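Look at the sequence and the model, try each task, then read the solution.

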Amino acid sequence: MTEEEYKECRYIDNDLKFYTYRDFKRNAFYLRALYDNLKHKLFYKWYVYANIHLTLKQKNIAWSFLNHDVGYAELDNYD
């Protein structure tokens, strides 16, 4: 997937989109609140793991945060 295709993904609500790990951290609680109400969480997982701007460790910790497995403090360890 090219960066342009990634940005234009029509299946993800604009409010759920993020491009960098800093974007994710800046909006982490908002993203998690929206994620909690999603019906198709697996598709959002694909979105998170397809992000070319995050390392695998950042993707894993972001996913864990969204699922309430870790707190916000743990996100700082992966900048």
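The model is predicted.

**Exercise 1. Describe the secondary structure of the protein chain and the share of its residues that is buried.**

Step 1. Count the elements. The chain has five helices and zero strands.

Step 2. Read them in order. From the N terminus, the run is α-α-α-α-α.

Step 3. Turn to burial. Of the 79 residues, 34% are buried.

Step 4. Look at contacts between residues at least 6 apart in sequence. Of these, 54% join residues at least 24 apart.

**Exercise 2. Work out how α4 is oriented relative to α5, and list the residues in contact.**

Step 1. Locate the helices. Helix α4 covers residues 41-49, and helix α5 covers residues 56-66.

Step 2. Take the axes. They come within 10 Å and cross at roughly 150°.

Step 3. Apply the cut-off. Angles over 145 degrees count as roughly antiparallel, so α4 is roughly antiparallel to α5.

Step 4. The crossing of α4 past α5 is right-handed.

Step 5. List the contact. Helix α4 brings Lys41, Tyr44, Lys45, Val48 and Tyr49. Helix α5 brings Leu56, Lys59, Asn60, Trp63 and Leu66.

Step 6. Sort the residues by class. The contact of α4 with α5 has six nonpolar, one polar and three charged residues.

**Exercise 3. Which element gives the largest share of the largest nonpolar core?**

Step 1. Start with the members. This core has 18 residues. Phe18, Phe24, Leu31, Tyr44, Leu66 and Leu75 touch the most other members.

Step 2. Assign elements. Those giving two or more residues to the core are α2 (21-26), α3 (28-36), α4 and α5.

Step 3. Pick the largest share. Helix α5 supplies it, with five residues.

Step 4. In soluble globular proteins, nonpolar side chains tend to be buried together.

Step 5. Check burial along α5. Its buried residues are Gln58, Lys59, Ile61, Ala62, Trp63, Phe65 and Leu66. Their cover includes α2, α3 and α4.

**Exercise 4. Trace the contacts of Leu66, Tyr35 and Leu16, leaving out residues within four places in sequence.**

Step 1. Begin with Leu66. Its partners are Phe24, Leu31, Arg32, Tyr35, Asp36, Tyr44 and Val48.

Step 2. Move to Tyr35. Tyr35 sits in helix α3. At 2% relative accessibility, Tyr35 counts as buried.

Step 3. Link the two. Tyr35 and Leu66 are 31 residues apart along the chain, yet their C-alpha atoms are separated by 6.9 Å.

Step 4. Complete the list for Tyr35. Its partners are Leu16, Lys41, Tyr44, Trp63, Leu66 and Asn67.

Step 5. Follow the link to Leu16. Leu16 lies in the loop between α1 (3-7) and α2. Its relative accessible area is 6%, so Leu16 is buried.

Step 6. List what Leu16 touches: Leu31, Leu34, Tyr35, Leu38, Tyr44 and Tyr47.

**Exercise 5. Are Ala33 and His68 buried, partly exposed or exposed?**

Step 1. Ala33 is in helix α3.

Step 2. Read its accessibility. With a relative accessible area of 39%, Ala33 is partly exposed.

Step 3. Relate Ala33 to Leu16. They are 17 residues apart in sequence and 9.9 Å apart in space, C-alpha to C-alpha.

Step 4. His68 lies in the segment after α5.

Step 5. Read its accessibility. At 48%, His68 counts as partly exposed.

Step 6. Check the backbone of His68. Its phi is near 65°, a positive value in a residue other than glycine.

Terms used: Residues are numbered from 1 along each chain as its sequence is written. This is a predicted model: local features need pLDDT of at least 70, side-chain atom pairs count only at pLDDT 80 or more; totals for chains, interfaces and linings use all residues. Side-chain values use heavy atoms; hydrogens and water are left out. Axes are lines fitted to C-alpha atoms, for helices over the stretch in contact, and angles run from 0 to 180 degrees between N-to-C directions. Helices (H or I, at least four residues) and strands (E, at least two) are DSSP runs, numbered from the N terminus. Angles under 35 degrees count as roughly parallel, over 145 as roughly antiparallel, 65 to 115 as roughly perpendicular and the rest as oblique. A crossing is left-handed if the near helix is turned anticlockwise from the far one by less than a right angle, and right-handed if clockwise. Contact means heavy atoms within 4.5 Å. Ala, Val, Leu, Ile, Met, Phe, Trp, Tyr, Cys and Pro count as nonpolar, Asp, Glu, Lys and Arg as charged, and the others, Gly among them, as polar. A nonpolar core is a set of buried Ala, Val, Leu, Ile, Met, Phe, Trp, Tyr and Cys residues joined through side-chain atoms within 4.5 Å. Buried means under 20% relative accessible area, exposed over 50%, partly exposed in between (1.4 Å probe, protein chains only).
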